[in-house]
Structures are given as C-alpha cells and as structure tokens.
Amino acid sequence: MSDGKVQKDATNKEIINMSDAAGYLDRFVGDVSKKSATKQILIGAGSGWATGYITMKVGKMAAIAVGGGIILLQMANQQGIIAIDWNKVQKKVDKVTDKVEEAVTGQGPSWADKAERFVDRKLNQAEDAVNKRTKKAKKWYTNLIGDETGCKVNDLHIFLCAFAAGVAIGVGTA
C-alpha cells in the first residue's frame with residue numbers, strides 16, 4: 001500500500017474511534033428531552049456539577065500560576081534582579097483603560113479622570129523620591145507630615161496586603 005492510503009486508513013480509524021466514544025455517550029445520555037423529568041434533572045445536575053468542579057480546579061491552577069508569577073516578579077524587583085519602569089507600565093495601562101472605557105461607555109475618559117491620573121502619577125513619583133531617601137525629598141516629606149517619626153509604608157507592605165485580600169476574596173468566592 002502507498003503511504004497516502006496508510007495515512008488515510010489511520011485517520012479513518014481515529015474517526016471511527018471518536019464516533020464510538022460519541023456512540024457510548026449517546027447510548028448513556030441519549031436524547032435527554034425524551035427522558036423523564038427526574039432523569040433530565042439528574043443529568044443536568046450531574047453535568048453542571050462536573051463542569052463546575054473542573055472549572056474550579058482549572059481556575060485555582062490559573063490563579064496560582066498568575067499570582068506566583070506576580071510574586072516572583074515583585075521579589076526579583078525588590079532584590080534588584082530586574083528593574084521595572086513603572087511609569088511606562090502605568091502609561092500603557094492607562095491607554096488600555098481608556099480604550100476599554102470608550103468601548104464600554106461609548107465615551108473616552110473625562111478631563112477630570114485624566115487630571116486624577118496625572119496627579120496620582122505625580123504623587124507616586126514623589127513617593128519614589130522619598131523611598132530613595134534623598135535629602136530634599138525627605139525634607140519635603142517631613143514638612144508634609146509634620147513629624148520625622150511618622151509611618152512610612154513600604155511598597156512591599158501594600159503588595160502583601162493586596163495579595164492577602166485577593167486570596168481572601170478567592171477563598172470566599174470558591
């Protein structure tokens with residue numbers, strides 16, 4: 001036999017095997033609308049439970065993968081292994097947010113939203129300057145707070161609190 005015929009026969013056998021599986025499922029479930037109401041409820045509840053269970057397991061794995069990746073990136077950033085240009089990230093996030101808002105509402109962001117983002121970005125830059133412990137920024141910060149021993153929250157603290165809240169929400173909704 002030629003190679004083409006052998007490949008065609010193999011493909012046909014695979015199709016037959018798939019149709020056998022569909023035949024078993026069809027024999028087991030059949031046309032659900034012709035079954036009694038009790039069987040319809042049981043089949044619907046069973047298939048719904050199975051779908052929910054599988055979705056929950058896949059969702060947990062995806063959440064662990066994404067959360068673990070974020071934690072590893074943050075740890076690498078804290079250790080100085082990588083340097084993330086947060087201004088660039090923030091600008092790209094703002095562009096995506098604008099596009100989504102325009103798609104959802106039909107309008108772009110208002111000038112108040114843009115002003116809020118601008119002020120927020122400038123405040124973040126001021127906070128970064130404080131973290132670098134430059135003398136000028138430290139003096140500005142001290143004048144703003146009015147006390148040198150005031151609370152100085154670290155970025156890692158904010159990240160860990162947000163992560164813990166996300167885990168709590170995930171566990172609460174599972």
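Trainee: How many salt bridges does a search of the whole structure find?
Mentor: Three. Keep in mind that this is a predicted model.

Trainee: Which residues are linked in the network of salt bridges?
Mentor: Asp-94, Asp-98, Arg-117 and Arg-121.

Trainee: OK, take Asp-94 and Arg-117. How far apart are the closest N and O atoms?
Mentor: They are 3.9 Å apart, and the cut-off for a salt bridge is 4 Å. Asp-94 sits in helix α3 (residues 86-105) and Arg-117 in helix α4 (residues 111-131), so this bridge ties together parts 23 residues apart in sequence.

Trainee: And what about Asp-94 and Arg-121?
Mentor: Their side chains form a salt bridge at 2.2 Å, N to O. Arg-121 is also in helix α4, so the pair ties together parts 27 residues apart in sequence.

Trainee: Which residue does Asp-98 bridge to?
Mentor: Arg-117, with 2.5 Å between the closest N and O atoms.

Trainee: Are these buried or exposed?
Mentor: Asp-94 and Arg-121 are both buried, and so are Arg-117 and Asp-98.

Trainee: Switching topic: how many aromatic pairs are there?
Mentor: One. The ring centres of Trp-49 and Tyr-53 are 5.4 Å apart and the planes are at 20°, so the pair counts as stacked.

Trainee: Where do Trp-49 and Tyr-53 lie?
Mentor: Both are in helix α2 (residues 37-79), four residues apart, which is about one turn of the helix.

Trainee: And how accessible is each of them?
Mentor: Trp-49 is exposed at 61% relative accessible area, while Tyr-53 is partly exposed at 40%.

Key: Residues are numbered from 1 along each chain as its sequence is written. This is a predicted model: local features need pLDDT of at least 70, side-chain atom pairs count only at pLDDT 80 or more; totals for chains, interfaces and linings use all residues. Side-chain values use heavy atoms; hydrogens and water are left out. Rings of Phe, Tyr and Trp (its six-membered ring) pair if their centres lie within 6.5 Å; planes under 30 degrees apart count as stacked, over 60 as edge-to-face and the rest as tilted. Helices (H or I, at least four residues) and strands (E, at least two) are DSSP runs, numbered from the N terminus. Buried means under 20% relative accessible area, exposed over 50%, partly exposed in between (1.4 Å probe, protein chains only).
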